[in-house]
Amino acid sequence: MWGLCSIFLVLVCSFLLLLPTTTRIRIVTRITNVDIDARRLSLLRPSALTVEETVEGHSTDTFSVQPKIDKSGRFCSPRATRELTLMTIYGACLEGSDPVRLFEKRLNIRREPGYEFDKEMLMKYNHMSFGGPPVKTETVEEADELLKTDENESEIEAEVLSAPPKLVYSKLILRFTRKLLVAVEEKWDSHVLAINKVAPDNWKNEPAGRILELSILHLAMSEISVLGTRHQIVINEAVDLAKRFCDGAAPRIVNGCLRTFVRDLEIAKDARVNQSLFT
């Protein structure tokens with residue numbers, strides 16, 4: 001147990017060194033145990049008040065306009081699926097465990113006595129909330145108000161992402177999440193090689209500090225190569241996830257890595273077709 005705690009603390013410290021100062025403060029003050037849960041993932045979203053760099057524009061595909069709550073009062077959008085899948089991959093990496101097994105463990109976890117989830121939180125949760133450039137204010141009061149708003153958004157995200165999945169996500173979303181995780185697990189080793197080919201050296205040299213970014217790449221590559229989702233949609237979604245949960249140039253790098261990955265897939269496919277014509 002203590003060995004796992006030590007490993008986790010090292011990984012968290014690696015992440016903290018890569019995040020803006022005010023974001024680090026929120027994370028340090030909010031992490032109070034060593035359980036791997038969704039609370040940490042939501043707290044890694046860069047603050048709009050501190051992020052120095054973003055990618056211009058964001059996706060406007062149909063995912064962003066679909067209703068996010070179904071008749072049962074649960075998330076039902078593809079964006080929710082990808083967030084849940086990313087959260088699970090991230091937790092599995094920290095634990096050193098199987099992502100599918102971790103997901104099933106979360107599904108079957110017992111609720112604490114007296115626990116109640118406020119479904120109103122789902123209506124307040126914003127899948128499209130991104131970090132942004134620094135915000136300049138004229139007064140201290142205005143700055144305090146912006147910080148308060150940012151902290152409230154983080155509280156909502158933490159509450160939603162740490163709740164039992166069956167209370168938050170529709171049955172369809174849970175099934176699709178498991179399908180994605182199986183694809184990630186199936187292609188993990190081959191995609192490690194692909195990521196080594198396309199990722200920048202600083203990501204490969206410091207993998208403990210880039211678990212989220214690498215998890216996004218694994219998720220996107222698996223959805224493209226196994227499930228066959230159109231790569232334009234997957235890349236847009238991956239970039240949006242990087243905007244939400246990563247910092248700095250991560251969205252632009254994720255975009256470049258995945259476009260190179262798709263190009264290599266197409267080259268390999270054309271080579272196989274040409275070979276079959278001459279055999």
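**Entry 1: Asn255**

I looked up the exposure of Asn255 in this predicted model and found a relative accessible area of 23%. Asn255 therefore counts as partly exposed, the cut-off for buried being under 20%. I placed Asn255 in helix α13. Setting aside neighbours within four places in sequence, I found Asn255 in contact with Ile235 and Val239. I also took the C-alpha separation of Asn255 and Leu217, which is 9.4 Å in space for 38 residues in sequence.

**Entry 2: Cys246**

Is Cys246 buried or exposed? I noted a relative accessibility of 3%, so Cys246 counts as buried. From C-alpha to C-alpha, Cys246 lies 6.9 Å from Glu213, and the two are 33 residues apart in sequence.

**Entry 3: α9 against α11**

I examined the pair α9 and α11, whose axes come within 6 Å and cross at roughly 110°. The two helices are therefore roughly perpendicular, since angles from 65 to 115 degrees are classed that way. I sorted the residues of this contact by class and recorded 15 nonpolar, 4 polar and 4 charged.

**Entry 4: α5 against α9**

I then followed α9 (residues 171–198) to its packing with α5 (residues 99–107). Here I recorded an axis separation of 8 Å and an angle of about 155°. The angle is over 145, so α5 and α9 are roughly antiparallel to each other. On the α5 side I listed Pro99, Val100, Phe103, Glu104 and Leu107. On the α9 side I listed Leu174, Thr177, Arg178, Leu181, Val182 and Glu185. By class, this contact holds 7 nonpolar residues, 1 polar residue and 3 charged residues.

**Entry 5: the protein overall**

How many helices and strands does the protein have? I counted 13 helices and 0 strands, and the pattern along the sequence accordingly reads α-α-α-α-α-α-α-α-α-α-α-α-α. I found that 45% of the 279 residues count as buried. For the accessible surface I noted about 14,900 Å², with 55% of that area belonging to carbon and sulfur atoms. I also checked the sequence range of the contacts: among those between residues at least 6 apart, 79% join residues at least 24 apart.

**Entry 6: confidence**

The protein has an average pLDDT of 77, and 74% of its residues score at least 70. Where is confidence lowest, and where is it highest? I found the lowest mean, 32, in helix α2 (residues 21–30), and the highest, 97, in helix α11 (residues 211–227). Over residues 1–67 the pLDDT stays under 50.

Definitions and conventions:
Residues are numbered from 1 along each chain as its sequence is written. This is a predicted model: local features need pLDDT of at least 70, side-chain atom pairs count only at pLDDT 80 or more; totals for chains, interfaces and linings use all residues. Side-chain values use heavy atoms; hydrogens and water are left out. pLDDT is the predictor's confidence in each residue, from 0 to 100. Helices (H or I, at least four residues) and strands (E, at least two) are DSSP runs, numbered from the N terminus. Contact means heavy atoms within 4.5 Å. Axes are lines fitted to C-alpha atoms, for helices over the stretch in contact, and angles run from 0 to 180 degrees between N-to-C directions. Angles under 35 degrees count as roughly parallel, over 145 as roughly antiparallel, 65 to 115 as roughly perpendicular and the rest as oblique. Ala, Val, Leu, Ile, Met, Phe, Trp, Tyr, Cys and Pro count as nonpolar, Asp, Glu, Lys and Arg as charged, and the others, Gly among them, as polar. Buried means under 20% relative accessible area, exposed over 50%, partly exposed in between (1.4 Å probe, protein chains only). Accessible areas come from the Shrake-Rupley method with a 1.4 Å probe; for residues, only the protein chains shown count as cover.
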